[in-house]
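Look at the structure first, then read on.

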Amino acid sequence: MAVVPRPGRVIVIEDEPRIRELVSAVVGIVNMDSSAYENGQDAVDGISEHFQELDGVAPDIAVILSDIQMPVLDGPSAVEEIIGLYGQHYNGSYLPEIKFMSGQYTPEQGKQVSTLTDHPILEKPVNVSDIKKNLTEAQEAFYQRVNSD
């Protein structure tokens, strides 16, 4: 069994401060930890640093919940880079659940998202009940993955 330093962490990538704060608060309600970033590049940099700190210990990330359209680096592109980090540090193992949220996105972005996750896009304005349900499901999937290693 893999040793995980914390109960499943949620990575929140959202450029709108009110939504980022709301999602982070819901994460606390479901007894998970979170790291919140205001754009995709900050998330990639933060996760890269986190993996270096873990120094080979299994990552504690249960789910990445990302907006699609953001400045600097959009959500789908950031998630692609984060998946690459999992490949670098963990040979592609321990991938978290990937979930996106958006109020609007282009058909091209929708297609890109569909290559990264089977989960439907959570529509904005965000619904607290939907977020709780999705986080709880992701947490359960995380524990199943960790306990099967």
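The side chains of Asn134 and Lys99 are joined by a polar contact of 2.8 Å. This is a predicted model. The side chain of Asn134 also reaches the backbone oxygen of Asp130, at 2.8 Å. Asn134 sits in helix 5, which covers residues 128–148. Is Asn134 buried or exposed? Asn134 has a relative accessibility of 13%, so it counts as buried, because the cut-off for buried is under 20%. Which residues does Asn134 touch, leaving aside its neighbours within four places in sequence? They are Lys99 and Leu122.

Now to the helix pairs. Two packed helices are described by the angle between their axes and the distance between the axes. The table gives both values for each pair.

| Helix pair | Axes come within | Crossing angle |
|---|---|---|
| Helix 2 (residues 40–54) and helix 3 (residues 75–90) | 9 Å | roughly 15° |
| Helix 3 and helix 4 (residues 107–116) | 10 Å | roughly 25° |

Take helix 2 and helix 3 to begin with. Their axes cross at roughly 15°. That makes helix 2 roughly parallel to helix 3, because angles under 35 degrees count as roughly parallel. Helix 2 passes helix 3 in a right-handed crossing. On the helix 2 side, the contact is made by Gly40, Ala43, Val44, Ile47, Ser48, Phe51, Gln52 and Leu54. Helix 3 brings Ala78, Glu81, Ile82, Leu85, Tyr86, His89 and Tyr90. By class, this contact of helix 2 with helix 3 has 10 nonpolar, four polar and one charged residues.

Next come helix 3 and helix 4. Their axes cross at roughly 25°. Helix 3 and helix 4 are therefore roughly parallel to each other. The crossing of helix 3 past helix 4 is left-handed. Helix 3 makes the contact with Pro76, Ser77, Val79, Glu80 and Ile83. Helix 4 makes it with Gln112, Val113 and Leu116. The residues of the contact of helix 3 with helix 4 divide into five nonpolar, two polar and one charged.

Glu80 is found in helix 3. Its relative accessible area is 39%, so Glu80 is partly exposed. Which residues does Glu80 touch, not counting those up to four places away in sequence? Glu80 touches Gln112 and Leu116. How far apart are Glu80 and Val113? In sequence they are 33 residues apart. In space they are 9.8 Å apart, C-alpha to C-alpha.

Conventions
Residues numbered from 1 in each chain as written. Predicted model: local features only at pLDDT ≥ 70, side-chain atom pairs only at ≥ 80, totals over all residues. Heavy atoms only, no water. Helix = DSSP H or I, 4+ residues; strand = E, 2+ residues; numbered from the N terminus. Buried < 20%, exposed > 50% of the residue type's maximum accessible area, 1.4 Å probe, protein only. Polar contact = N/O pair within 3.5 Å; in protein donor to acceptor, adjacent residues only side chain to side chain. Contact = heavy atoms within 4.5 Å. Axes fitted to C-alpha atoms, helices over the stretch in contact; angles between N-to-C directions. Parallel < 35°, antiparallel > 145°, perpendicular 65-115°, else oblique. Left-handed = near helix turned anticlockwise from the far one by under 90°. Nonpolar A, V, L, I, M, F, W, Y, C, P; charged D, E, K, R; others polar.
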